[in-house]
Amino acid sequence: MQLEHLPEEFEMARPVLQTIEQAGYEAYFVGGSVRDTILGKEIHDVDIATSAYPDEIKHLFKRTVDTGIEHGTVMILDHGTGYETTTFRSESTYTDFRRPDQVTFVRSLAEDLKRRDFTINALAMKEDGTVIDLFDGLADLKHRQIRAVGDPQERFHEDALRMMRAVRFASQLNFTIVPETLAAMTSHAELLRKIAVERTQVELLKLLTGQAPQQGLTDLLTTGLWQYCPDFADHKVDLERLTAQLHQGASTDLTAWTLLTTSFGLETNAITTFLKHWKTANQTISAVQMTTKMAQHLLQGSLSTWQVYQCGEDQLMIANEAAVVLGATDRSRELVAQWQNLPIQTKKALAVTGRDLMQAGVQPGPQLGAILGDLEYQVVTGKLPNEKPALVAAVTD
Ligand SMILES: Nc1ccn([C@@H]2O[C@H](COP(=O)(O)OP(=O)(O)OP(=O)(O)O)[C@@H](O)[C@H]2O)c(=O)n1
Ligand SMILES: [Mg+2]
């Protein structure tokens, strides 16, 4: 197969492949960008596989970055774009495909492709748009199937994260995992224990924000992979219910987390523990605590003015989205109106400062903060106007 009109990103990268080839090496586009182009999807990063060693690549280009020389990878910088360029490698002992513990360089593209995860990811493309398809990846793309290259058990032993990638692609692409590959995932699910949580997290979020999360979640459940996801073990029933309810992908990662914590019925402290086990950022924890609390309220009714203020506009929309998935009425319009009608939207907008209060005779110290907090509450809830004289008077009278 030959692709006629290559997307802009490939056109830009063509001279890079040509330079490598003119020096006598082979070079191909590989990975997700080839897959997504054939699917007619937008592409992000363009990866290159080559017979040249990193040192040889570095001689050919003015600007390169050593991203992983020992793994055979170097990034070529060309007109402001970076191209991850990896020397043909074969399977060896590795726990992370991107950063193998040991690399064996191989001589041919075929040997490189045969240790890639799925047939749809084992396509290569020449600079002129010719697609090299050694494992019937094109047929699998056409039939919307995810199939391990060669023996699925070997592929999953090489890198167990691939099982999570399979369920992620099932959701992202709305594809079906073929029975043989699914069976190997079921019998090897436990290998996921060896994988760093951070890597599993990336795939889980891509699953939940993908176009067919029900597909991905169903596969996560039927293969047993869910049991090796941190803190999922006690929530099989919740996950099954969520699978039935999640008709479209979550619109943000924060929504995805909120869906999990809300359907698991987690309270503030339990959310901290849960998200720490998933190794999320601290700011994610506080945001999810807020969105979860508000989603729980929304499942019961509407939010008070103070709750709307505390949550903030973006998080309100996330809480609402999660609540709607879990069965609440969509209150987005009402919430936006509530937000817009707030007398103030941030503490900064309060008409008095601590300094103003001290000038009016309030002693500095912890109670100053408490008084300001109280004024903030009175203004937000409409009990006091947001005007300096009125607020000062309320405190000093
Ligand atoms: N565990 C892994 C990770 C990656 N790959 C190979 O490396 C390519 C690039 O990896 P990556 O960028 O992680 O995934 P993509 O398939 O490109 O998907 P995305 O669009 O999410 O980047 C994959 O297509 C696949 O050929 C693999 O075989 N096994
Ligand atoms: Mg990629």
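Okay, a term to start with: two strands pair if DSSP finds at least two bridges between them. Helices here are DSSP runs of H or I with at least four residues, strands are runs of E with at least two, and both are numbered from the N terminus.

This is a predicted model, where local features need pLDDT of at least 70 and side-chain atom pairs count only at pLDDT 80 or more, while totals for chains, interfaces and linings use all residues. Residues are numbered from 1 along each chain as its sequence is written, and chains are lettered from A and ligands numbered from 1 in the order in which they are written.

So, strand β1, residues 27–30. It runs antiparallel to β2 (residues 47–50), joined by 4 bridges, and A27 sits opposite T50 there. With β8 (residues 124–125) β1 is also antiparallel, through 2 bridges, and V30 faces A124. Both faces of β1 are covered: A27 and F29 on one side, Y28 and V30 on the other, all buried. Buried means 20 or more other C-beta atoms within 10 Å of a residue's own, exposed means 12 or fewer, and partly exposed is in between, with C-beta atoms placed from the backbone.

Next, helix α7, residues 161–173, which holds R162 and also R168. UniProt's "binding site" annotation includes R162 and R168; such annotations, in the numbering used here and with shortened feature names, may be inferred rather than shown by experiment. R162 is buried because 27 other C-beta atoms lie within 10 Å. R168 is buried too, with 24.

Last one: K383, in the loop between α19 (366–380) and α20 (388–396).
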